[in-house]
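Hi,

Here is the structure I promised to pass on. Have a look at it first, and then read my notes below.

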Amino acid sequence: MSGPAPRRRSTGTVTAPVTRRVLVDEEFVLLVEAAVPDLDLAGWLAGRRDELLADLDRHGAVFFRGFEVRTPDDFSLAARAVSPDLLGYLERAAPRHEVADRVFTSTEFNAEQWIPLHHEMSYSHNWPTHLYFWCAQPATGSGGATPLASERVITPLIPADVREPFLRAGVSYVRNYGPHLDLPWQEAFQTSDRAEVEAYCAASATEFTWLGSDGLRTRARRQAVATHPRTGETVWFNHAHLFHVSNMPAEVSGALLREYGPDGLPRNAYYGDGEPIPDEVVTGIRELYRQHAVSVPWQRGDVLVVDNFLATHGREPFRGDRQILVAMSDLYVNRSVV
């Protein structure tokens with residue numbers, strides 16, 4: 001007796017029905033749902049790059065739900081239907097694993113931790129314009145959403161007295177790489193060749209110092225704001241609130257400061273002229289993002305596309321198993337700092 005016939009995927013056509021609705025009153029986050037079964041997302045997105053970019057320009061982020069995205073390769077094909085050349089991940093700030101060609105696990109921090117909302121790689125001289133997230137497995141227990149916040153909301157709310165020193169001087173990031181502090185430099189830069197690291201630092205206006213047998217300290221002055229390459233909007237765009245020492249639990253930061261001093265921390269952020277940033281400044285920025293965050297619970301197979309200029313993303317704590325994969329595209333290089 002033969003088994004049931006295999007399901008066929010609908011590859012997507014111009015007339016393939018979907019529904020569209022905005023999730024937040026301020027036109028933030030668009031939900032696009034497949035209205036027919038087995039609709040292949042890569043096929044549906046083919047030829048729709050301009051349409052998707054227009055949606056991102058307007059809404060900052062687009063959720064695709066109910067499409068057929070079963071494997072990392074399906075996800076990769078969907079992202080490549082929009083941007084054929086996906087990006088690698090150098091100058092890493094968190095541990096990740098590559099599970100398919102330029103498809104990575106999301107940040108592998110402790111499940112009990114909040115990851116504050118941030119712009120991907122805004123501590124660097126270059127960053128992806130577009131981020132793609134795929135839900136292979138929503139949290140089997142609770143939590144685990146990827147909250148989003150609109151920079152069109154946040155940027156105007158940052159007080160002038162907070163904004164001014166950042167605009168005047170930028171942000172300076174000090175990072176210490178090593179097996180007992182942060183990521184090993186070999187993992188962060190994806191090479192074991194010191195000459196390659198030195199060349200990367202030289203090309204990106206990053207000061208560096210080799211420490212002992214296997215340590216590296218870098219210092220880089222970067223932007224506080226960025227201008228969207230399509231819409232021309234200027235938005236708050238930095239990692240100061242994420243890298244600042246105040247983002248660590250007090251008992252952890254206290255122990256590290258006693259052991260290594262301010263410049264020996266795994267990572268820290270200063271004003272661009274080297275002056276310390278008061279704790280209350282970055283605490284206030286983190287709180288702004290939290291207050292205005294939008295959380296959409298993941299469903300298996302969801303794909304989220306985020307404009308990395310217009311929206312920040314984070315991670316809620318979770319229980320149980322969870323797997324979210326990530327891809328990135330459309331590299332933007334800030335020529336003013338290199």
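Predicted model: local features only at pLDDT ≥ 70, side-chain atom pairs only at ≥ 80, totals over all residues.

Residues are numbered from 1 along each chain as its sequence is written, and side-chain values use heavy atoms, with hydrogens and water left out.

Now the reply: in H3 the buried residues are Asp-74, Phe-75, Ser-76, Ala-78, Ala-79 and Val-82. Buried here means under 20% relative accessible area, with exposed over 50% and partly exposed in between, using a 1.4 Å probe and protein chains only. The buried residues of H3 pack against helix H1 (41–45), H2, E5, E7, E16 and E19. As a reminder, an α-helix has 3.6 residues a turn, so residues three or four places apart point the same way.

**The sheet**

Eight strands form an open sheet with mixed pairing, in the order E1-E2-E3-E16-E7-E19-E5-E4. (Two strands pair if DSSP finds at least two bridges between them.) At the edges are E1 (18–22) and E4 (98–100), each of which pairs on one side only. On average, neighbouring strands of this sheet are turned by 25 degrees against each other, direction ignored. Axes are lines fitted to C-alpha atoms, for helices over the stretch in contact, and angles run from 0 to 180 degrees between N-to-C directions.

Take a closer look at E2. Five bridges link E1 and E2 in the antiparallel sense, whereas E2 (residues 30–34) and E3 (residues 61–65) run parallel and are joined by four bridges. Leu-30 stands opposite Val-22 and also opposite Val-62 in E3. Further along, Glu-33 faces Arg-65 in E3. Four of the five residues of E2 are buried.

Helix H2 (residues 49–59) packs on the sheet and touches E1, E2, E3, E7, E16 and E19, where contact means heavy atoms within 4.5 Å. The direction of H2 makes about 125 degrees with that of E3. Helix H3 (residues 72–82) packs on the sheet too, touching E4, E5, E7, E16 and E19, and its direction makes about 145 degrees with that of E7.

**The pockets**

The largest pocket holds about 650 Å³ of space. A pocket is an open set of points on a 1 Å grid over the protein atoms alone, with protein on both sides within 12 Å along at least five of seven lines, for a 1.4 Å probe; lining residues have an atom within 4 Å of a point. Its volume is the space filled by probe spheres set on the points, which are joined across faces, edges and corners.

Of the 27 lining residues, Phe-109, Gln-113, Leu-242, Asn-247 and Arg-267 lie nearest the centre of the largest pocket. E6 gives the largest share of this lining, three residues.

The second largest pocket has a volume of about 160 Å³, and E12 supplies the largest share of its lining, three residues.

Cheers

Terms used: Helix = DSSP H or I, 4+ residues; strand = E, 2+ residues; numbered from the N terminus.
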